[in-house]
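Subject: Structure handover

Hello,

Here is the structure for you to look at. Please open it first, then read my notes below.

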Amino acid sequence: MEESMEVVHVNLGEKGYIVEIGEGLLFDEELNSLKRFDADKYIIITDDNVKKHLGYPLQKFLQRQGLEAHIFDFPAGEASKNPESAVN
C-alpha cells in the first residue's frame with residue numbers, strides 16, 4: 001500500500017520552507033527526505049502523548065545525524081487542536 005503525502009510550501013522568501021505531512025515519514029525514510037533540504041535545524045511538532053513514543057526517539061535520531069532538533073509539544077486531546085495552541 002502506497003502512503004500518500006501532502007507537501008505544503010510556506011512562502012517566506014529566502015526563509016521559506018516545505019512541510020511534508022503524511023504517514024510513514026519516520027527515521028531512515030525521514031532522514032532521506034530531510035537530505036533534500038539545506039537545513040541543519042528541525043522542529044518536531046507533536047502532542048505530549050506522541051512525544052513520549054516517537055518525538056524523543058526521532059529527536060535523538062536526528063541529533064545522532066549531526067542535526068539540531070527541538071520538540072514543540074502541546075497537550076493531547078481535542079481541546080488543543082486549535083490555532084491558539086500554536087501561539088501559547
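K51 and D73 form a salt bridge, with their closest N and O atoms 2.8 Å apart. (A salt bridge is a side-chain nitrogen of Lys or Arg within 4 Å of a carboxyl oxygen of Asp or Glu.) K51 sits in helix α2 (residues 48–64) and D73 in strand β4, so the pair ties together parts that are 22 residues apart in sequence. A search of the whole structure finds 1 salt bridge. Helices (H or I, at least four residues) and strands (E, at least two) are DSSP runs, numbered from the N terminus.

Are the two partners buried or exposed? K51 is buried, at 14% relative accessible area. D73 is partly exposed, at 30%. Buried means under 20% relative accessible area, exposed over 50%, and partly exposed in between (1.4 Å probe, protein chains only).

A word on how to read this. This is a predicted model: local features need pLDDT of at least 70, side-chain atom pairs count only at pLDDT 80 or more, and totals for chains, interfaces and linings use all residues. Residues are numbered from 1 along each chain as its sequence is written, and side-chain values use heavy atoms, leaving out hydrogens and water.

Next, strand β3 (residues 41–47), where D47 is found. T46 lies in strand β3 too. T46 is buried, at 8% relative accessibility. T46 touches K51 and D73, and also I71, F72 and F74. D47 touches D73, F74, P75 and A76. Contact means heavy atoms within 4.5 Å; both lists leave out residues up to four places away in sequence. A polar atom of the D47 side chain also lies 2.9 Å from the backbone nitrogen of N49.

Now the surface. M5, V7 and I18 make a nonpolar patch of about 230 Å². Patches are made of residues with over 30% relative accessible area and no salt bridge: like charges are joined within 9 Å, nonpolar side chains (Val, Leu, Ile, Met, Phe, Trp, Tyr) within 5 Å. Areas come from the Shrake-Rupley method with a 1.4 Å probe; for residues, only the protein chains shown count as cover. I18 lies in strand β2 (residues 17–22). I18 is partly exposed, at 34%.

Last, confidence. Where pLDDT is low, the predicted coordinates should not be read in detail.

Best wishes

Technical notes: A polar contact is a pair of N or O atoms within 3.5 Å; within protein, one must be able to donate a hydrogen and the other to accept it, and residues adjacent in sequence count only if both atoms are side-chain atoms.
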